[in-house]
Amino acid sequence: MELWFSEFHAPDVKHSIRVNRHLYSHKSDYQQIDIFDTPEFGRVLALDGNVMLTERDEFIYDEMITHVPMAVHPHVKDVLVIGAGDGGVVKELTRYDCIEKIDLVEMDVQVIEACRTYLPENACRLDDPRVHIFFDNALRFIRRCTSEYDLIIVDSMDPFGPSEGYFTREFYGICFNALREDGIMVNQQGSPFYKHDADEMKRCHKRIVSTFPISRVYQAHIPTYAAGYWLFGFASKKYHPIDDFNAAGWKQLNLNTEYYTTRLHIGAFYLPAFLEKMLKEVE
């Protein structure tokens, strides 16, 4: 008998992955955590029935949410990462020698423990001496911070359930206050394809635009996410993601990437007509 894991991308659309083994299943205080071994995508992490990452395509998400702001901000030293308990974003950040401190705020200790055990390639840099892990609610944590970070990466789940508070105008205002005068915030902004996702994406963008003087949306193509088409938000107090982009400086770092390139960086901000129209409606 074949075992399949299915995730609803929309009420009438479902994405299924054949499973070799169900490696881990645990109901934490916050969510249902499952890890599967699959023939096509390797190990898959699902939270509350939604795919968070797969070994096959996680590099796309982690590289695009990390290297885009790092190639724009000229001197990142202190970084706050919200969510990302799997360790993938932290792994990309630790490749930069200029970074002195990475604060990771993850509400669910069980996510980190599960990923340390079953996704060690992702979690391999969580013990880097620059990384400080805080098991806390991000809203409560950030309220205590003022002008402390150069970069905030919001790697949260979709705006439902435990992560709903990370998509509010209050949250973005708190992030704004926690950033230094030239700070950047990036966040995952969902998919614009299915109506329910598109509505949430527009609501999120509207709130960010009302908070930051510079706000742009950029895109990536991730096979296991809804419609295979995903968006990120770039919000900044000072730097423009293209006008202040230092391609030459980033190339000098000689970082080996599988998805991100300096040419792709610019192209990711050129959006299709239907998406431009959506964003203009709320800007």
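A residue is classed as exposed when its relative accessible area is over 50% and as buried when that area is under 20%. In the predicted model, R144 therefore counts as exposed, at 55% relative accessibility. The salt-bridge partner of R144 is D136, with the closest N and O atoms 3.3 Å apart. D136, by contrast, is buried, with a relative accessible area of 14%.

The salt bridges of the model come to 16 in total. Another of them is formed by the side chains of E281 and K202, at 3.4 Å from N to O. Because E281 lies in helix α10 (residues 273-282) and K202 in helix α7 (residues 195-209), this pair ties together parts that are 79 residues apart in sequence. E281 counts as exposed at 51% relative accessibility, whereas K202 counts as buried at 19%. Salt bridges with shared partners also join D78, D150 and R180 into one network. A further bridge pairs D103 with K101, for which the closest N and O atoms are 3.8 Å apart; D103 is buried, with a relative accessible area of 3%.

D150 counts as buried, since its relative accessibility is 3%. A polar contact of 3.0 Å links the side chain of D150 to the side chain of R180. When residues up to four places away in sequence are not counted, the residues touched by D150 are H73, H75, V76, K77, D78, L179, R180, G183 and I184.

In soluble globular proteins, nonpolar side chains tend to be buried together. The largest nonpolar core of the model holds 46 residues, of which M64, L93, L151 and Y218 touch the most other members. Two or more residues are given to this core by each of α1 (58-70), β7 (78-83), α2 (88-93), β8 (101-105), β10, β11 (179-190), β12 (214-220) and β13 (230-236). The greatest contribution to this core is that of α1, with 7 residues. For M64, the contacts, not counting residues up to four places away in sequence, are with P69, Y218, Q219, A220, F232, Y259, Y260, L264 and A268. Another core, of 23 residues, lies apart from the largest one and includes L80, L139, Y149 and C204.

Note on methods: Residues numbered from 1 in each chain as written. Predicted model: local features only at pLDDT ≥ 70, side-chain atom pairs only at ≥ 80, totals over all residues. Heavy atoms only, no water. Buried < 20%, exposed > 50% of the residue type's maximum accessible area, 1.4 Å probe, protein only. Polar contact = N/O pair within 3.5 Å; in protein donor to acceptor, adjacent residues only side chain to side chain. Contact = heavy atoms within 4.5 Å. Core = buried A, V, L, I, M, F, W, Y, C linked by side-chain atoms within 4.5 Å. Helix = DSSP H or I, 4+ residues; strand = E, 2+ residues; numbered from the N terminus. Salt bridge = Lys/Arg side-chain N within 4 Å of Asp/Glu carboxyl O.
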